[in-house]
Amino acid sequence: MPLTRRHLLQTAAASGLVPLLPRRLIAETQLGTGRLLTVSDGNLVLPGDFVFDGMPEPELASILAALRIDRQRLTPECNVTLWQDGEQTVLFDVGAGPDFMQSAGALQGNLDAAGITPEQVTAVVFTHAHPDHIWGLLDDFDEPAFPEARYLMGRAEWDYWWDPATVESIGAERQLFALGARRRMEVIEDRIERFEDGDEILPGLAAILTPGHTPGHMSFELRQGQAAALVVGDAIGNDHVAFARPGWEANSDQDPELGAKTRVALMDRLVQEQMPVIGFHLSQGGMGHVERAEDGYRFVPL
Ligand SMILES: [Zn+2]
């Protein structure tokens, strides 16, 4: 087995040298006759301002205190969703890979632990092209890490990151995101399948445009007869303020106003339909339900 930085990090983590990995590496639930899993890619380490900048501070402080969230430093989980129904093995996003943050990029090792080989993955579906979601696309030889998979991305998202003008317009703090996305997209340019809002992109899987976090962010409704679940990516980007005050504009969204509008609509639907939600940065594996709470909602992990 070639010794990669990823393996070294895992070895270090296993030896207790680097306390990086969250408690649950894999969460699982049954949906109809299929199996819905999340597999941890590790976690991010972010300054609180990345999300909170501009939110009304006194009220924010009391929400965060009640949920025991550190205002200054966030360490959100990264949970990659996997769907298996006997015919297909579908991965939603591919994690951060080795080059984004030391604390992320654990997906491959955790897929191994779950007994899932890269060759088994039949489709990779992207929610959006931020580094923690797409930088894990390439293996050590800069080839797609899931060699047998179809690759699918929403058309608006693809067009945004493909456009050479984006690196100029996106703002200094996200320029690296644009360069990194484009570099990886070039590797799958000849095999990418682009889809639109509302398309049934794979059997039992419909795309829902949920813009704001990025211009073409997509969520996905998985349906198995009466059973359904919503994979929301970063359209609901955390399990604290995004639930408590979905209408607040979040600095982590590229278009904060549109992001808030999208989030409010998603929360409303998830509560109305009592549908399980799977979010990339939600805690304890990222699967749960939405409940109404005073002035907002709360996340109830499975
Ligand atoms: Zn993310």
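Trainee: Over which residues does pLDDT stay under 50 here?
Mentor: In this predicted model, pLDDT stays under 50 over residues 1–22, and for that stretch the model has 24 contacts beyond four places in sequence. Where pLDDT is low, the predicted coordinates should not be read in detail.
Trainee: And what is the mean pLDDT of the chain?
Mentor: The mean for the protein chain is 92, and 92% of its residues reach 70 or more.
Trainee: New topic: at what angle do α6 and α8 pack?
Mentor: Helix α6, which is residues 155–162, packs against helix α8, residues 175–188, at an angle of about 115°, and their axes lie 9 Å apart. The two helices are therefore roughly perpendicular to each other, and their crossing is left-handed.
Trainee: Which residues meet there?
Mentor: From α6 come Trp158, Trp161 and Trp162, and they meet residues of α8 including Phe177, Ala178, Arg182 and Glu186. The residues of this contact divide into 8 nonpolar, no polar and 2 charged.
Trainee: What domain does UniProt annotate?
Mentor: The unreviewed UniProt entry carries the annotation "domain: Metallo-beta-lactamase" over residues 77–281. Across residues 77–281 the chain is 28% helix and 24% strand, with the end C-alpha atoms 5 Å apart.

Key. Residues are numbered from 1 along each chain as its sequence is written. This is a predicted model: local features need pLDDT of at least 70, side-chain atom pairs count only at pLDDT 80 or more; totals for chains, interfaces and linings use all residues. Side-chain values use heavy atoms; hydrogens and water are left out. Axes are lines fitted to C-alpha atoms, for helices over the stretch in contact, and angles run from 0 to 180 degrees between N-to-C directions. Helices (H or I, at least four residues) and strands (E, at least two) are DSSP runs, numbered from the N terminus. Angles under 35 degrees count as roughly parallel, over 145 as roughly antiparallel, 65 to 115 as roughly perpendicular and the rest as oblique. A crossing is left-handed if the near helix is turned anticlockwise from the far one by less than a right angle, and right-handed if clockwise. Contact means heavy atoms within 4.5 Å. Ala, Val, Leu, Ile, Met, Phe, Trp, Tyr, Cys and Pro count as nonpolar, Asp, Glu, Lys and Arg as charged, and the others, Gly among them, as polar. pLDDT is the predictor's confidence in each residue, from 0 to 100. UniProt positions are given in the numbering used here, feature names are shortened, and annotations may be inferred rather than shown by experiment.
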